[in-house]
Each structure stands twice: as C-alpha cells, then as structure tokens.
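This briefing covers selected local and chain-level features. The notes after the display are grouped by topic.

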Amino acid sequence: MIRTTKKTLLSIAATIFLVSTVLMACTKQEAAPSASSGTTENAAVVTEKAITLSWPRDIGTMNPHTYNPSQLFAQSMIYEPLVSYKAGGKLEPMLAESWTISEDGKEYTFKLRQNVKFSDGTAFNAAIVKKNFDAVMKNPSLHSWLGVINVLDKTEVVDEYTFKMTLKQAYYPAIQDLSLVRPVRFLGEAGFPDDGDTSKGIKEPVGTGPWMLAEYKKDEYAVFTRNPNYWGESPKIDKITVKIIPDAETRVLAFEKGELDLIYGEGVISMDAFNSLKESGKYATQLSEPVGTRSLLLNTTNDKLSDLRVRLALQAGFNKQAMVEGITLGLEEKADTILSKNFPYTNIDVQPVEYNTDKAAAYLDEAGWKLPSGKAVREKDGQALELELIFDKTDPIQKAMAETMQAEWSAIGVKLNITGLELTTQIQRRKAGEFDLDFWYNYGAPYDPHSFINVVAEKGWGVSEANSGLPMKQELDQQIHEALASTDETKRQQLYSTILLTLQEQSAIVPISYIKKTVVLQNKVTDFAFPANRDENPFEGININQ
Amino acid sequence: MISYIGRRLLAIVPIILFAILITFVLIQVSPVDPAEAYLTAAHIHPTEELLAEKRHEFGLDQPLLVQYGRTVVKMAQLDFGTSYMTNEPVWEDVVSKMPATVQLAVSSILFAMLVSIPLGFLSAIYKNSPIDHFSRGLSYFGASIPQFWLGYLLMFFFAVKLDLLPVEGKGSWENLVLPTLTLSLALIAIYTRLLRASVLEQLQESYVLYARTRGIKQRIIMVKHVLKIAISPVITGLGMNFGKLLTGTIIVEQVFSWPGFGRYFVDAIFNRDIPVIQCYVFLAACLFIICNLIVDLVQLYMDPRISLKGRTDQ
C-alpha cells in the first residue's frame, strides 16, 4: 500500500517537473515580436519600418459594432467611417465622397467613394453600408446613447454607390455622430456571422482602413500590417506592434529600455514619469490640444448650492492655476470655459470667474452665510455651510484636487467633507443625485458640444438632474432641443452661445482644467500628430528614421 | 488510502457550497447591481429598459433561493456564465489563462526550494557562520520588501541598466526569470528560516545523539535522518503557498505583464465582473483544499508514523 503510494507520488512529482519543463520550452517558440525585431534577423526585415507601442488593455475582439472589450484606437485602424472628424470639428469626406441633406433635415444622401476595397479584396458599396447599418439597428437599445441611432428611421440603397438614411426628426449632429469610431463603421461581408447579428460576434475583422490585424495573441500583443488594398495614401510604416502592458511604471521601464517606440494616450503614464522622461532630454514629448474639461458638478437641488452666490463664491474661492501647476505638473491647462474652444460652436466670449477670496467671501456674506466670531465655518439660520465632495478614490488627481479645495474653501469659511468612492459607486451616486459636489468630464471630440448639451437636457446621466435647481432650466432644455434639431447654422450658433453662456454664468458646472493627451517618442519616430478625434489612432503620417 | 482520498474529496462539496453561498450573499448585499455593472463594463448607457432586460437575462428577477440553486447547478457543470468584460465564457477564459499562472507558480516554488533547502540546512549546521548571516539578511530582505517594488528594482537593474533580460511579456524563458525571482524571494525568506529552525530543533533530539554514539557518519545523520524529518514543516508551507501563488500572483502578473489568471482577476474586481469573481472564489476554494490534500499525502509518505486517521496508535 505504502509502496504504491510512494510510486504514485514519485510519478506525480515527475509529471509536475515534466509539465513545467515543457511549458517553459513551449513559450520559447511563441516569443512576442519586439521593438528591435527588424534590425538583425535578415536583410528583408532590416528594411521593414516597424514601431512598437504599448496599451493597457487587450485590443479586444475588433468588432466594429460593439463596445468593450474592443479598444477604440485599434478599431479605428481597421474600420473607417463615412465622414471623418478633423481639427476644429471640420467634417471631411472619408468613405462618403459627398453628402446632401434635405431641407427638412431628415434625409441624408451619401455618394460613396468608388475605388474602395476591403482588406480581403471585396468591394465597398451601398449594399455593404446598408448591411452594416442593419446589423447595428438589430440592437438599437445597445446604442441608445447615440443620438443618430435614436432618430434613425430607415436606410436605403439608392444605387450601387448611393446610400440614403432617413431620420424620424431633424437632428443636426447626425453627420458628426457618423464619424465616431463605433458603432457605425463598416465590416466586410466575410466578417459577418451567418445570421447577420454582429452583436454576438464577428467571423474576422475585415475593414477598409489602412491597417489590418496580422497577428494577435490575447492579452499579450497584436500586430497590424498595411492593408494592401487601401484606397487612400498608404501608411509610411509597415508594421505596428501593440504590446499589452497593464502597469504604467512597467511601460516607462520598457520604453527606457527601448522595447517601446512610443507611449501614447490619456493618463497612460503618471505625470511624474512624463516629466522625468521629458527632462531626461533623451526623448521627444508632445501634449495635445485639450481633449476634455475636468469640471466640478454642483448639485443645485441642494438648498445651499441652489443659491448662485454660493456657487460663484466656490468658483472664486480656489486657485485653478496653482492646482494645474501643482497637481497636474503643468500637463493640464487652466480652464475658464466649460468646453474648450477647439470644438464647433464653442468659441464664445465669457467672463471667467477669477480666483479672488475677498470676492468669494463677499458673495457668501451677501447670500447670508456669515462667519460667527470664534468659529471657522459660516452659518445661516443656525445651519453650518458644510458640503460633501465625492471623488474617485483611485484617481490621484481627483484626490489631490479634493484635498486642495478642502483647504482653500476652509479659508473662506466653507467646510468641505471629501469622500473617496469606487468609480461605479461615484457614478451611481451622481445619477441618483446623492452628492453636493462631484468631478465631471465632458466627452471630447467628436462627441461634443452636442453630447454635452444633450446630457444637460436629458435625465439619466446625473447632469440634468444636478442642474435642475437652476431657475431657467426649462428654458435651457427648450433651447437645447431646438439647437439639436436646428437646420440653420446661424441659429444653431446663436443657441449654442446662449446655452453655454447661461451655464457659464450659473456656475453649476465649474471648469477646472483642460485634459490633454501625452506622447513620449523615441527620437527615431517622426511626424507624429495627435488625431482630432479623441478616439482615433494617431498613426496617420507617422514615420521612422532607420 | 483510496477511501481516505475519497473522503477528503467528498469534503470539498460542503466547503464549495459554503464558498458559493458566501459570494452569493456578498453580491446580494453589495450596492452594485450586476445588470448595471455589466452595462457599465460594456460602455452601454444603462437605461431602465436595458437594465430590466439584463436583470431578466441574468435571472436577477427570480427569488433568491432559485438564483442560488441555479448558481450551484451551473457551477457544478463548470458553467460560470459570460464575463462582462471579455464577453467570453468565464471558464474558457480561465482555462486559457491558467497555464501561464501555473508556469509562474511552479517555477517560483521550484526555485524557492532549490535555494532555500540548501541555504536553510547549511545555515543551521553552520550556525552563526557567514552563510547563516547571509541567509538571515536575505530572509529579512525577502520578507520585508513589497513584491511590486522588488519587481521594479529587478526590472530596472537587470533589464534596463544591464540589458540582460526583457522588461515584460511572456515570450521565452528569459521572460520568466524576473517574475520568478520576484515571487520566490518571499518564499525563500520563509522556507529558509523554517528549515533552519526545524533542523536546529531536530539536532537537539536524542536520536541524533544515539546515532552519533552508534558511529553513524555525520553526513548520513544529517541528510537521511535530520533533513528528512526537519523538512516536514517546509512541505506544509509549500502546499499552502502553492494555492496562494495560483490565486495570488496578481501583483507580479500586473507588473511583468504576465498574461495569467491573476491579472484577469484584478480587471474583474475593478469592473465588477461578477461571474469572474464567483469563478475565482470557487477555484480558490478548490485549489486550497486540493493543495492541502496533496500536502497531507506527501507528509504521510515522508513520515509513515502519521496515520490516515490522525492518530499514531493504528
């Protein structure tokens, strides 16, 4: 009995050794492509222009019609939109060469580009455009966040290269919505599942974009190569390898070792790491235009915050410039307007609320919040001026800003309690209106400014609810609905100016800073430019010096 | 023996049922609605209509007892549902990620044993010698340094400065070196001190003295008698740590971009990926029980005086 056990145990031990040896041996053969590949192996590889970058998450299933886990930048390498969003919100032809909009703003007719082929060589035409729209519309509730999907009535193939979509009601940002990375981009016939329902998965990622997925190992790496059938100007580099590196410090070390050619994105490395790489002088660094605004959302349904003077006092009572310099190390820019001026319709003159603690104190005095002698917190009718700011506890910038505001506002007699929450809880509390103050961000290009005004008017996101204490809320909502349905450019600009000015004056959304994307590049990488669309990939025009 | 193993395996059932119950209750009392967690993870705006649809799909509109019963039946069939994050069946995800974690855990344990057994043994025999001081220093260092920090340090020196090894990834055996070193240092710290103490204890036993008086060679006494008995607590620790490593390589996998189970689980926690969390708890319970069973069997092999019933009079 014991002898048998001994034998069994010995064989188990031997198996474990054998398995681990085999596992180690196996891994040797599946070596991930590295940044330096292409320098030594053979002559053909030497001429290949390749770059390697990192991304925190796996690129996902590369389904153009669904969301997580697919990563936007990678989807935009393979799939293209009808219309492309460029700097300043300019909409340019992409797979559609031109388009016309009927006078009532309901019918959109697109003339499609004729020489376009998918990466598998099949033709791009109105039929495949309709097939993609149909696949998206099979599950409209999945895409209910997107304006154009909510108002889409029907789609038609007019002729081989003409596609028409009809809306239930006029909705001016429809074209802008079509420039998004998802859900309306175009998958080739070979990628469709047999039942045509892409929400459950696709067969293969076939797109018309400049890149195609050549090699992929989930959670490890993805290799993109040039699409040989690309209709536009072919990329200057041959190969892009995306390594999945979830840890920010590891990303920096891999870059310093030369395993990565660039680190790109929003918050992909710490601000300290960015500055230290920049100051080393060994690498090139760049900051993008503002991609969004870091703001404070003030809940106007709260009695204390329903008073404009209190909101203005809070805005005047903290030093944005010092926060931007001290907390974001200058990587963000002080924000005076709720939306930065590089979006359509946002270039309006506003009187920024400057940092002035005397003025802040005067506003509070005027509102009846007096500082009793010997006390540090203002009071009114026996009630203390005490507020709660909720923040995402995993976000070091929100935490530092919350602590700074707590100190700054205590100087003007406001007691701020700060509560760190998990992101999901923070969002839940925002939507339920269970907060006094909260951090909030707009969506960026190409979603804004129409997505921003939409959440100011529509309930369900927490912003409309928080703003519902504003005396002119109904009027504001009316103006927003008019702006979204307006077909007249001048009227639309007027409406936007009024809406943004009202919000700005009401100080219910307090801009703090403009968030920017960062990139750190090895010196051999040239011609890098940030995409105008926040979600697009930045590889158009990028090159390397061999 | 077989009936003993059978009994131990059967004991897994109530423990697992209890583990499932605990996760089930925790999810019920958690303020996060699984339907909302799913939609948030998928970047879909959770409208009331969609929430109701998802709650129905997940069976969350059923009575609690029915929900628990369903969970148990499904788990018994290794059906853990679909991950909110990856949209793939959880079990398939786990099966595809487990080999990487097993590889890391096995190599760390092997390396730790390789270093700590001779080191612990020698530092006991040569008490207060330089080797003992070295082992003490190493253990102190290994036990006190945080793993993520050690990982960065090793990466910085061996990969960036000396350019000997890759920073991250799971390509060749070279990629395995730094994560293995990082994980095994803490184990080396424990095992070395454990073995040293155990050997010193055995050296005080009378059988060592008798063996010496019988003229048995010192080397034979040490290896054949002392080490064989002294290693017992190390084996117990090893069994406990193997389960711990399999479920707890989270930090090291994150730091070294090792595509294993730990990293998958961290993402699941952040995204409230409940099916994955449930699967993790289930697996962790199973692994700990099985590792304990294996340790008991190895102990039995090493020291036949330990009986199957836990008494020495059989």
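In this predicted model, A:Q504 is buried, with a relative accessible area of 12%. A:Q504 sits in helix α17 of chain A, which covers residues 489-506.

**Surroundings of A:Q504**

- Leaving aside residues up to four places away in sequence, A:Q504 touches A:D336, A:T337, A:I338, A:V350 and A:P511.
- A:T337 lies 167 residues from A:Q504 along the chain, yet their C-alpha atoms are separated by 7.0 Å.

**Strand pairing in chain A**

- Strand β12 (residues 284-298) pairs with strand β19 (residues 509-521) in the antiparallel sense, over 11 bridges. Within this pairing, A:L287 stands opposite A:T518.
- β12(A) is also joined to strand β18 (residues 437-441) by five bridges, and these two strands run antiparallel. Here A:L296 stands opposite A:F439.
- An open sheet of four strands has the order β4-β5-β7-β6 in chain A, with antiparallel pairing. Its edge strands are β4 (96-101) and β6 (152-159), each of which pairs on one side only. Direction ignored, neighbouring strands of this sheet are turned by 20 degrees against each other on average.
- Six bridges connect β6(A) and strand β7 (residues 162-167), again in the antiparallel sense; A:T155 stands opposite A:M165 in β7(A).
- Helix α4 (residues 126-137) of chain A lies across β5 (107-112), β6 and β7, and runs at about 165 degrees to β6(A).

**Salt bridges**

- The count over all chains comes to 40 salt bridges.
- One of them links A:D238 and A:R226, with the closest N and O atoms 2.6 Å apart. A:D238 is in the loop between β9 (221-226) and β10 (239-244) and A:R226 is in strand β9 of chain A, so the pair ties together parts that are 12 residues apart in sequence. A:R226 is partly exposed, its relative accessible area being 30%.
- A:R309 and A:E366 meet through their side chains in a salt bridge at 4.0 Å, N to O. Because A:R309 belongs to helix α9 (residues 308-316) and A:E366 to helix α11 (residues 357-366) of chain A, this pair ties together parts that are 57 residues apart in sequence. A:R309 counts as partly exposed at 29% relative accessibility, whereas A:E366 counts as exposed at 54%.
- A:K473 and A:D477 form a salt bridge with the closest N and O atoms 2.9 Å apart. Both residues lie in helix α16 (residues 473-485) of chain A, four residues apart, about one turn of the helix. A:K473 and A:D477 are both buried.
- A network of salt bridges with shared partners joins A:K243, A:K257, A:E259, B:D163 and B:E168.

**Chain B**

- The secondary structure of chain B consists of 14 helices and zero strands.
- Of its 314 residues, 50% count as buried. The C-alpha trace of chain B spans about 85 × 60 × 30 Å along its principal axes.
- Among contacts in chain B with a separation of 6 or more, 72% are between residues 24 or more positions apart.
- Chain B exposes about 15,300 Å², of which carbon and sulfur atoms supply 68%.
- A nonpolar surface patch is formed by B:F18, B:L21, B:I22, B:V25, B:L26 and B:V29, together presenting about 550 Å² of accessible area. One of these residues, B:I22, lies in helix α1 (residues 2-29) of chain B. B:I22 counts as partly exposed, at 40% relative accessibility.

Key
Residues numbered from 1 in each chain as written. Chains lettered and ligands numbered in written order. Predicted model: local features only at pLDDT ≥ 70, side-chain atom pairs only at ≥ 80, totals over all residues. Heavy atoms only, no water. Patch = residues over 30% accessible without salt bridge, like charges linked within 9 Å, V, L, I, M, F, W, Y side chains within 5 Å. Areas by Shrake-Rupley, 256 points an atom, 1.4 Å probe, with all protein chains shown as cover. Buried < 20%, exposed > 50% of the residue type's maximum accessible area, 1.4 Å probe, protein only. Pairing = 2+ DSSP bridges. Axes fitted to C-alpha atoms, helices over the stretch in contact; angles between N-to-C directions. Contact = heavy atoms within 4.5 Å.
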